[in-house]
Amino acid sequence: MSKNTKKTILLVEDDALIAMMEKLSLEGYGYDVITAETGEAGIEAFRNNTAIELILMDIDLGKGIDGPTAAIEILKEREIPVVFLSSHTEPEVVEKTEKITSYGYVVKNSGITVLDASMKMAFKLFEAKQKEQKAKKLVEIRLNLIEYLVNHTLDELLTKTLDIAGELVQSPIGFYHFLSQDQKTLSLQQWSSKTLSEFCTADGKGSHYPVGQAGVWVDCIHQRGPVVHNDNESLPNKKGLPEGHAPVIRELVVPVIRKGSIVGILGVGNKSVDYTQDDVETVTHLADMTWQIIEQKRAEEALDTEYRLREMLLDNIPNCIAMILKKGTREIVSSNKYAREIGAVPGATCYGTCAKRDSNCNFCLAPVVWENDIPQRLEVEENGVWYEGIWMPLNDELYVHYIYDITERKQAEKILLDERNMFIGGPAVIFKWIAAEGWPVEYVSPNVSAQFGYSVEDFTSRKILFGDIVHKDDLERVGNEVQKCSELGTLSFEQEYRIKHADGEYRWLYDFTTVKRNDLGKITNYQGYVLDITERKRVEESLKISEDTFHRIVNTAQEGIWLLDTDAKTSYVNPCMTEMIGYSAKEMLGSSLFDFMDDEARREAETLLERRRQGVSEHHEFRFRRKDGSILWAVVGTNAILDNSGKFIGALGMIMDITERKRVEEELKQSEERLRLSLYAANQGLYDLNVQTGAAIVNDEYALMLGYDPRTFAETNSAWIERLHPDDHDITAKAYSEYIKGLTTEYRVEFRQRTIDSQWKWILSLGKIVEYDTDGKPLRMLGTHTDITDRKQAEEKINKLLSEKELILKEVHHRIKNNMSTIISLLTLQTRTLKDPIAVSSLNDAGSRIKSMMVLYDKLYLAQNFNEMPASNYLFPLVDEIVMNFPNSGSVRIEKDIDEFILDSKRLSTIGIIVNELLTNIMKYAFVDKIDGVITVSASLKGNLVCITIQDNGIGMPESINSESQSGFGMMLVNILVKQLKGTWRIERDNGSRVVLEFEK
């Protein structure tokens, strides 16, 4: 689906992976997808996003409410199609969803195609349901109007109709005119209530207007159809408005046609947004419906007042009508021609009350009329045809029976009802503001929540003043305009400004406000319609940018643009065209196309121009004559310009200068021979491939390279594929496909070809498309074949040597690691033979130092880079390895906070020995008689300074040990290694000991 028709879907799914997969699949099909993991989150997401048009609901949502319960809560707030998604197929689970207003049930993993089809069907069902509700609404309106007319006048009926029309299409102005039989004079019959009370004080009731002198509002009479003026101000044929008439911003006027003549027009005006086709159909239906009711009313009045003319009047009514005696024989005393055609002739007994029948016919409500003496009405459908029957008492003796074929009307009502549903929950929000500081809201329509995110209560409770949400940059201007209009006595005014949506985003509004005053003329409040026009504002800005961009593109285009009129005279050229041909725009405008070519080119141009007049568009090469007399070769893309009726009104040409290309082509012909000789000398195979047919032209070297006789060798694409090594099919096909699609800039691939003696030869193939057809499809490809067998064999030998080297290195690493383990084992065994504790401790310390280097070596061996590695990769396992060597390690807790920064392996080895010395010292002496020891090791890089800290909560180092002391081999070793790092270290004593080592990275 296109970007501007994307539908927004709410997906409620508790499995994150499934939700992500379904979201990606649906977005691939053009939907906007919002996700929620629980039923509660789904309800909240629905409330916060009015753009959601369909819900995909999982049934089992884990903890919290399940899918069906969430759907019920959502449907309480707004009617929306819900499609259930579940892996369950049990009948009881499916039946649970059927009790809800469900639009489908899709089993998970059915595939995106099935899901998309189910969603589309749900949208169709929902749309059909909305249309059905709209049709019912219009039928209800008609019945109400008919009942209303029983006790009201025609003028009151017209007022009622206009009020309903204004409500349905959000129009404050409404009027109904009758047209004279000669189609020349209009008479104003009625205004809508809102028009008279709020908008128009012109005295026009009963006035007559000559159609020929009326303004644009009678265009519907001239055009004999509905007319919409959505920008009344810009119409050229306006004739002004009478004094007191409301200003007309936009209007919709429809004619009522009976028997080929227009009998009346119904108009509405000043909707806050443009009128749509739905509005046209709604107003047309109301106008026609009203005229039907008017005709009925007139007929009824005529029967009461002009009884002598009833037969004539009845015969002019296109429905079955009969007058029947209430009592006695139920005799038909009068009937019109339509009734007589079906047997209801005067003197006969009413078929519906005939004594010979066991029951009345389907349309008979006579017994109810006789008993209650009040009109009755019934609509019945038989065999696809709809009828309406009306029984109405005329006096104590007679009642009249109408039967109408209303099939067409029922169909129209259904259409109108469907369309009416589209107005429900419309975008216009009604506000009534109190004339006080901050504009407190006295009333706001319920759709304010859907449009702006605030609740009705937010405003009416004064929790939010309207002025609070007006953009600060617009507030002063809006206030000044309101004050100015109020002081001038303006009845209504319009404004555009921004307000803050509940989600924090600012939206542009169109505000149509009317001023309300009391009997003393004091303003009491303002009432208006506000409409979100943010998107319109964005479009207007985009259009402005687009227009500017278009002009820049045309004026800076690298192609010439040339417009001709019907006589082939120049009406426009862009700067590139004038530069290309050497004439100025002033010299070219009004000049004939033929003025810029020689006689031969002129004859060709005449033929091409005739094809333009026939509507043909094409590309061709053509030569023009520049002002200096030189030839301009060009590729010309020409299109016929036609009006709405298909009549030729000119031509557009896109001109690209190919003079240089023509020159190069000639030079290319000369260079091809030189190339052929060069390839021969270089032993390069050359091919010229027809991409469409697969046939190829090759040079002698191409055939000789594979051992074939050039005189008998014929190359084709299929023959080339047949000689291709099976293992190289995919790579060559991929390289060719990517080049043809424009994913790579050159065709370059290496493959093996079978020679004439069944040997395999490695070939480097290079190629380039050099010719395309007018649709951009490749036609011709040139390339070379180079024998790279020797190079490939050399590469194979090198790769074999590298593999052998890798095996040797692995064996060397393995032996080094084993040797280090052997050294540690030897030291351990040696300690078992010694009695002197000092000697044993020294050997253990030496073994620990070797282990620290072994940990680093092991990490470097596994890493891809032997020269450096993250400090955390080394220090984390090193600390654990050192501490685990001591019998009291179980009572000591290690805390590590080591950042990931890179150090070279040499300094890592030095740091490892230092850490070993410090941790060994702590484990030996810090936790004497202590069972809750804690050691904290941290390492960080701040700027270019590395800081390593080792801290314990033990008894603390003696004051005699410091960074300058040389007591013991360990401290001496630390001092030496710190100097090697060109760093510093210090000891801090507070609740244990803390050693801080710092050096530049």
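The model is predicted, and local features need pLDDT of at least 70, side-chain atom pairs count only at pLDDT 80 or more, and totals for chains, interfaces and linings use all residues. Residues are numbered from 1 along each chain as its sequence is written, and side-chain values use heavy atoms, with hydrogens and water left out.

The structure holds 5 cavities of 30 Å³ or more. A cavity is a set of points, on a 1 Å grid over the protein atoms alone, where a 1.4 Å probe fits but cannot get out; lining residues have an atom within 4 Å of a point. A volume is the space filled by probe spheres set on the points.

| Cavity | Volume | Lining by class |
|---|---|---|
| Largest | about 220 Å³ | 13 nonpolar, 3 polar and 1 charged residues |

Of the 17 residues that line the largest cavity, Leu564, Leu593, His620, Val636 and Thr638 are the closest to its centre.

The lining of the second largest cavity includes Trp433, Trp439, Asp511 and Tyr526. Strand E19 gives the most to this lining, with 3 residues; strands (E, at least two residues) and helices (H or I, at least four) are DSSP runs numbered from the N terminus.

Elsewhere, Glu917 lies in helix H29 (residues 905-925).

Notes: On a 1 Å grid over the protein atoms alone, a cavity is a set of points where a 1.4 Å probe fits but cannot get out, and a pocket is an open set with protein on both sides within 12 Å along at least five of seven lines; lining residues have an atom within 4 Å of a point. Ala, Val, Leu, Ile, Met, Phe, Trp, Tyr, Cys and Pro count as nonpolar, Asp, Glu, Lys and Arg as charged, and the others, Gly among them, as polar.
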